[in-house]
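User: I would like a close look at a single part of this model, together with its surroundings. Please define each term with its cut-offs as you go.
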Amino acid sequence: MTKILIIEDDTSFAQMLQKFLARNSYDVVLSHTGLDGEKQLKDQDFQLVITDLRLPDYDGIKLVSKLKGEIPVIVMTGYAEVSTAVKAMKMGAYDYISKPFTPDQMLSVIDGALNSRPVIAKEATKENSKASAPIEKSGANSEHLLLTSDATQKLEEHIILVAPTDMSVLIIGESGTGKEVTAKAIHQKSTRNEKPFIALDCGAIPKELAASEFFGHIKGSFTGAVADKIGSFEAANGGTLFLDEVGNLSYENQIQLLRALQERKIKRIGSNTEIQVDVRILSATNEDLKAAVEKGNFREDLYHRLNEFSLQIPALKNRHGDLPVLATHFLEKFNKKLNKQILDFSDEVWDIFKAYNWPGNIRELQNVVQRAVLLTTTDKVQANTLPSELINPVLETVELGSLSKADFEKEQIVNALKRTNYNKSKAAKLLQVTRKTLYNRINYYDLDL
């Protein structure tokens, strides 16, 4: 069996890649540091090395230089590191592959390296990597967007690796971050993509009706059951069942769900006939299910059933670089929807967008842009079309407690400066004071900025 060494400091990503390659009949050893990778190479015989280009304690190019072509090396790179990857190839690396990549792309590169032949169309591989880059969708007529923030790139890497498996995935994120969008992306990249994707909002189901929603019922089985009904498990048979806000299920409903997941059989309410179901479970929550387990509000055995792999959806405020792409996409979308021809946002609006904390995330951004497009009568969106909470935001909340008024004011000034990347003119606008006043207060409090 071909033995491959993977050197990657992202543990979960490395494990997913290991499992995928193991399913394709490769013997895979993991190292999470460059130094450990060197040790493994001394202690064992490998036919191939796959290494991240950037490691906390190491440089992938250093490893390529040491091996000097003795073992084929594939370097994994970030989107902006192509020039460094080309340098690695000049020093003897077989090839590079840009993250995020599809499983098929990785297999193609590995096959080429092991058979000592060029990979077909390296440029095409790079283009395919771009095509498979982070995708966001919004609305029925959505387009695919190329989102390049580090947080989104990391999320997409994990989606690409977990999607072809049948692992249950727990998607964690704040409201409005796109948890259902992520679930649909996993389904579309899975082997079940031609089967149904059924979404069920657990937060909107009364506990008395949850069993009927899960498993269906037969006519007359309870008051109001005027016809037979197929439940979500049966409807999703062969495909994917997405349980949104799963933490809102009652304890009784959790037991019913757990039993169905364990046995992979269901019974419609009022029926004695068991129905075999083959369903992949994706679930989502915006609360801390671990804490709910510790408090006894959520069953630990169900938690582990749902959480074979977890994905953390980053908040919009942490997705630096994605906001301009999303805002421009929504501008184009609502131009079409509202029959407008607005070209752009004004510089002031862009500054406000970048300074705002976006507690409602992508959903809030979409609503803000829709409102602005509706109210705009010029070729650029102006600040006066934005909701008041964006123009005069409540700055980061602090616990007053024993804080003096001076302490509170200092806290507000520091927060405003942080949110505007220490641009004093923009910070003064946020605080609704003049630039001179802001300078005076900074000097008065002797703030070290």
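Which residues of helix H8 (residues 179-188) are buried?

Analyst: The model is predicted, so local features require pLDDT of at least 70 and side-chain atom pairs count only at pLDDT 80 or more, while totals for chains, interfaces and linings use all residues. Residues are numbered from 1 along each chain as its sequence is written, and side-chain values use heavy atoms, with hydrogens and water left out.

In helix H8, Lys-179, Thr-182, Ala-183, Ile-186 and His-187 are buried, meaning under 20% relative accessible area, against over 50% for exposed and partly exposed in between (1.4 Å probe, protein chains only). These residues lie on the same side of H8, because they span an arc of only 140° around the axis; the arc is taken over the directions from the helix axis to the C-beta atoms. An α-helix has 3.6 residues a turn, so residues three or four places apart point the same way. Helices (H or I, at least four residues) and strands (E, at least two) are DSSP runs, numbered from the N terminus.

The cover over the buried residues of H8 includes H7, E8, E9, strand E12 (240-244), E15 and E16. Contact here means heavy atoms within 4.5 Å.

The strands in this cover belong to an open sheet of five, ordered E9-E12-E15-E8-E16 with parallel pairing; two strands pair if DSSP finds at least two bridges between them. At the edges stand strand E9 (197-201) and strand E16 (309-312), each pairing on one side only. From one strand to the next, the twist averages 20°.

Strand E8 (residues 169-172) is joined to strand E15 (residues 280-285) by four bridges, and the two run parallel. Val-169 has Leu-282 of E15 as its bridge partner. Helix H7 (residues 150-162) packs on the sheet, where it touches E8, E15 and E16, and its direction makes about 155° with that of E16. Axes are lines fitted to C-alpha atoms, for helices over the stretch in contact, and angles run from 0 to 180 degrees between N-to-C directions.
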